[in-house]
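The structure is shown first, and the details follow.

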Amino acid sequence: SSSPVPSSQGNKTLTNSSCQKLSPEERCLAIKQIILDGNITSANDIVSPPQSSALDWICNSDGHDVCPGDGFCAMEQRYIMAVFYFATGGDGWNNCAARDMVTNSSVCDAITDLQQPGYNPSGSFAWLDPVDECEWFGLRCILGGDECIRIIQLGNYIMKLATGTNAEIITSF
């Protein structure tokens, strides 16, 4: 069977019939190919953390089940945010780290003041929760639109470009 082709729609539901016909292995290979074809990461980088961690999470652990063909703001964006999470040591964040699979809990302090970093009008879910990434702490999207992330507000952090392609992020989570 042929690999699914990504659509240009921002549709985040699993209505794409080609995804329902894929085995888990075929789905993962198709996602990997779309990430590589879109120059989101390189073939050299996708086999090492944090890129490989993000791909493994999407393929094997993510309960949101994005599908090749769901569109950039559904699949590639989720992968990029997962790479960010793993690259910044997200499991060690003090606020909104991924849920502990044993206790099924994550501390995710709600920020209700519009002017404060981390404000999320639809409520804050922990990163890597099986909900749309627009609902993860500190990510803001245009809901009802293309649902692409427009603002990332994570609190007090300093980002400086390091030599090479990655950014060094120092965070106070």
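In this predicted model, Glu133 and Arg78 meet through their side chains in a salt bridge, with an N to O distance of 2.8 Å. Glu133 belongs to the loop between H4 and S1 and Arg78 to helix H4, so this pair ties together parts that are 55 residues apart in sequence. Glu133 has 0% relative accessibility, and because buried means under 20%, Glu133 counts as buried. Arg78 is likewise buried, at 0% relative accessibility.

Asp62 also forms a salt bridge with Arg78. Asp62 sits in the loop between H3 and H4, so its pairing with Arg78 in helix H4 ties together parts that are 16 residues apart in sequence. A search of the whole structure finds two salt bridges, which are listed below.

| Salt bridge | N to O distance |
|---|---|
| Asp62 and Arg78 | 2.5 Å |
| Glu133 and Arg78 | 2.8 Å |

Through shared partners, salt bridges join Asp62, Arg78 and Glu133 into one network.

The backbone geometry is considered next. Most residues other than glycine have a negative phi, and most peptide bonds are trans. Asn39, although not a glycine, has a positive phi of about 55°. Asn39 is found in the loop between H2 and H3 and is exposed, with a relative accessible area of 67%. Leu128 also has a positive phi, near 70°. Leu128 is located in the loop between helix H4 (76–87) and strand S1 (139–141) and counts as buried at 11% relative accessibility.

A cis peptide bond joins Pro49 and Pro50, with omega about 5°. Pro50 lies in the loop between helix H2 (24–37) and helix H3 (51–60).

Methods
Residues numbered from 1 in each chain as written. Predicted model: local features only at pLDDT ≥ 70, side-chain atom pairs only at ≥ 80, totals over all residues. Heavy atoms only, no water. Helix = DSSP H or I, 4+ residues; strand = E, 2+ residues; numbered from the N terminus. Buried < 20%, exposed > 50% of the residue type's maximum accessible area, 1.4 Å probe, protein only. Salt bridge = Lys/Arg side-chain N within 4 Å of Asp/Glu carboxyl O.
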